[in-house]
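Hi everyone, thanks for coming along. I'd like to walk you through one model today, a few spots at a time, so please have a look at the screen.

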Amino acid sequence: MTVKQLRAFLAVAHTLSFAQACERLHLSQSALSLTIKALEEGLGGRLFSRTTRAVSLTPEGEALLPLARRLLADWDNAEDELRQRFTLQQGRVALASMPSFAGNLLPAVLRTFSDRYPSISVTVHDVINEQVMEMVRDGQVEIGIAFEPEPSMPLSFTPLYSDRFVAVVPADSPLASEAEVAWEALLGQPFITLQRPSTVRFMLEETLRQRGRALSVQYESHQLATVGRMVASGLGVSAVPALCRAQMLELGACCVALRDPVIERPVGILTKPGHELSVAAQAIADTLRAAGAYPGEGRHRQTIDLDQQKRLAVLKRRLT
């Protein structure tokens, strides 16, 4: 059975008149008769009893009638749903993002996306960098946001901006008043960082190892928020991607530009090679790219308003 045949069958069944069905379908009587004949031949028997005066349904035609209605309703609903998806009037998309991006920059991007496409639902998996890559690779999500993967990882990467690590120090630390902090000074303090297998931890250790230095960790945690709290409480210092700056300030810590060495790595969109994105996922990817280098968080802005940091940090400590 074809959709055309079912529509012809329903038109005749509803009107019990070939002439009226022809008007409804904008078909000639010969074309309609051929369509019904082809349907009957395909099914193996007559669906209508026809006399010179009347048309009626056979028992088999009566049995087909509710089935044909349901089949065409499902067909029309499927067409409508896909049309809405293609025009971004309906749909759902899942993405994975490393927590530092998900908790700091992603909400503003999603707000822009939501204002533009209010009917699209978005599921965000805020997982560590390694899990972002795994979820994209395994097809659990369409797009991921993470640091640039190693060449051996079978993923497509579209850079958004380059993130540079900054030092995180207590508000009352002498380092908080510096314009820049060298790693040598930072490593002289108790160090707090994320637990392995965090990409942030790996980048710190690998860069320092290449410089002949070791990262001696005093405290470690799975969550950046915990790291920030520990630093704000005066337990030690840390180093995090610059995109976490606002989060660290809210937690009561201060951020200072880092040098000798500078640790920098691109952040971007991960997709599965050869996999075409859904219209909704492509719209999110376009929104991310349109956000550009994220003014105030991008590759060149390393100066920090230290007075503002101190005020925020002191206020946060008083409130807690």
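**A walk through the model**

Let's start with G252, which sits in the loop between helix 11 (245-250) and strand 11 (253-259). Helices here are DSSP runs of H or I with at least four residues, strands are runs of E with at least two, and both are numbered from the N terminus. Is G252 buried or exposed? Its relative accessibility is 0%, so G252 counts as buried. For that word, buried means under 20% relative accessible area, exposed means over 50%, and partly exposed is in between, with a 1.4 Å probe and protein chains only. The C-alpha atoms of G252 and S233 are 8.2 Å apart, and these two residues are separated by 19 residues along the chain.

A word on what you are looking at. This is a predicted model, in which local features need pLDDT of at least 70 and side-chain atom pairs count only at pLDDT 80 or more, while totals for chains, interfaces and linings use all residues. Residues are numbered from 1 along each chain as its sequence is written, and side-chain values use heavy atoms, with hydrogens and water left out.

Now the overall picture. The protein chain has 13 helices and 12 strands. Of its 320 residues, 46% are buried. Looking at contacts with a separation of 6 or more in the protein chain, 75% come from residues 24 or more positions apart; contact means heavy atoms within 4.5 Å.

The peptide bond from D260 to P261 is cis, with omega near 5°. P261 lies in the loop between strand 11 and strand 12 (264-271), and D260 is placed in the loop between strand 11 and strand 12 too. D260 also has a phi near 50°, a positive value in a residue other than glycine. With 47% relative accessibility, D260 counts as partly exposed.

Where else does a residue other than glycine have a positive phi? H26 is one, with phi near 60°. You'll find H26 in the loop between helix 2 and helix 3. Its relative accessibility is 73%, so H26 counts as exposed.

The axes of helix 1 (residues 3-15) and helix 3 (residues 29-43) come within 9 Å and cross at roughly 110°. Axes are lines fitted to C-alpha atoms, for helices over the stretch in contact, and angles run from 0 to 180 degrees between N-to-C directions. The cut-offs are under 35 degrees for roughly parallel, over 145 for roughly antiparallel, 65 to 115 for roughly perpendicular, and oblique for the rest.

Who meets whom? From helix 1 we have K4, Q5, A8, F9 and V12, and they meet L32, T35, I36, A38 and L39 in helix 3. By class, this contact of helix 1 with helix 3 has 7 nonpolar, 2 polar and 1 charged residues. Here Ala, Val, Leu, Ile, Met, Phe, Trp, Tyr, Cys and Pro count as nonpolar, Asp, Glu, Lys and Arg as charged, and the others, Gly among them, as polar.

Let me zoom in on A8, which is in helix 1. A8 is buried, with a relative accessible area of 1%. Setting aside neighbours within four places in sequence, A8 is in contact with L25, L32, T35 and I36. The C-alpha atoms of A8 and L27, 19 residues apart along the chain, are separated by 9.5 Å.

On to the aromatics. A search of the whole structure finds 4 aromatic pairs. Rings of Phe, Tyr and Trp (its six-membered ring) pair if their centres lie within 6.5 Å; planes under 30 degrees apart count as stacked, over 60 as edge-to-face, and the rest as tilted. One of the pairs is F18 with F48, which is edge-to-face at 6.2 Å centre to centre and 70° between the planes. F18 lies in helix 2 (residues 18-25) and F48 in strand 1 (residues 48-50), so this pair ties together parts that are 30 residues apart in sequence. Both F18 and F48 are buried.

Last stop: helix 6 (residues 106-116) and helix 12 (residues 279-290) pack at an angle of about 125°, with their axes 10 Å apart. Helix 6 and helix 12 are therefore oblique to each other.
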